[in-house]
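Subject: Structure handover

Hello,

Here is the structure I promised to pass on. Please open it alongside this message.

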Amino acid sequence: MLLKSLELQGFKTFPDRTTLTFHNGITAVVGPNGSGKSNISDAVRWVLGEQSVRSLRCTKMEDVIFGGTPARKALGFAEVTLNIDNTGRQLPFDSDSVSVTRRYYRSGESEYLINKTNVRLKDINELFMDTGLGRDGYSMIGQGKIDAIVAARSEDRREIFEEAAGISRFRYRREESERRLSQAEDNLVRLNDILAELE
Ligand code: ATP
């Protein structure tokens, strides 16, 4: 799956709307220390639904919003859009391109969009499940990730293979069904209690 472009606005070191276009082949980002190179990969991770502030190298989610400089005021929200090539229809949309957007306001409010339509975080997670690109996918290999995989418990390592084999989706659905079943059982118990009280 090819990434076509990344649009950032108000995200970490990118106060102004900035578009990075990726062409076929390798794209290298070069720049002095602290200039914001890693913030670009943080933006990709973030727009794909990352919830761990530690993996985003922040202490709280608000830290992803441009925090200001002596010359420039802090901003009120951060927005990142990732445009993905879908000419091969790997994603279930009948369009040559799929865009995913995440917005976060200082008030703590979040928004997620797919092709400019508001969705839930769950929809973003489900969209990328089994593609390797999602939040827990293996497409983003950060510093220390290989060591972490080698040192991981075998159950955790298995999840990476399940994602690559394209079966995470089924495990996720099974877990969701089990959760719903357990909720339904709880409701039944409650209902029986109420019925017993009425009798
Ligand atoms: P290195 O080559 O040293 O790894 P880098 O080019 O990857 O550096 P980053 O780690 O991406 O740099 O960026 C770090 C910079 O981002 C720091 O100067 C930090 O102050 C700045 N930064 C991080 N979050 C924000 C924010 N919310 N607002 C403004 N600047 C931020």
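Predicted model: local features only at pLDDT ≥ 70, side-chain atom pairs only at ≥ 80, totals over all residues.

Start with the strand order. Six strands form an open sheet, ordered β2-β1-β3-β4-β5-β6, with antiparallel pairing. β2 (18-21) and β6 sit at the edges, each pairing on one side only. From one strand to the next, the twist averages 20°.

L8 has T18 in β2 as its bridge partner.

Now the other end. β4 (residues 97-105) and β5 (residues 110-114) run antiparallel and are joined by five bridges. Y104 stands opposite S110 in β5. The β4 and β5 hairpin has four residues between the strands. In that hairpin, G108 takes a positive phi near 100°.

Next comes β6 (residues 117-119), which is joined to β5 by three bridges, again antiparallel. L113 is bridged to N118 in β6. The β5 and β6 hairpin has two residues between its strands. N115 lies in that turn and has a positive phi of about 45°.

The helices on the sheet

What does α1 lie across? It lies across β1, β2, β3 and β4. Its direction is at about 80° to β3. α2 packs on the sheet as well, touching β4, β5 and β6. The direction of α2 makes about 40° with that of β5.

The core

The largest nonpolar core has 25 residues. F11, A43, V47, A78 and V80 have the most contacts inside it. At least two residues of this core come from each of β1 (3-9), α1 (37-47), β3 (77-85), β4 and α2 (121-128).

Leaving out residues up to four places away in sequence, V47 touches V80, T81, L82, V100, T101 and R102.

Most residues other than glycine have a negative phi.

R89 is in the loop between β3 and β4. R89 is not a glycine, yet its phi is positive, about 55°. Is R89 buried or exposed? R89 has 11 other C-beta atoms within 10 Å, so it is exposed; the cut-off for exposed is 12 or fewer.

K116 is in the loop between β5 and β6. K116 also has a positive phi without being a glycine, at about 70°. K116 has 8 other C-beta atoms within 10 Å, so it too counts as exposed.

Helix α4

α4 (residues 154-165) has twelve residues. How far apart should its ends be? At 1.5 Å a residue, α4 should span 16 Å. The expected span uses one less than the number of residues. The end C-alpha atoms of α4 are 16 Å apart, so the two agree.

α4 is hardly covered. Among its twelve residues, the count of buried ones is one. Just after α4, G166 takes a positive phi of about 80°.

That is the handover. Over to you.

Best wishes

How values were computed. Residues numbered from 1 in each chain as written. Pairing = 2+ DSSP bridges. Core = buried A, V, L, I, M, F, W, Y, C linked by C-beta atoms within 7 Å. Buried ≥ 20, exposed ≤ 12 C-beta atoms within 10 Å, placed from the backbone. Contact = placed C-beta atoms within 7 Å. Axes fitted to C-alpha atoms, helices over the stretch in contact; angles between N-to-C directions.
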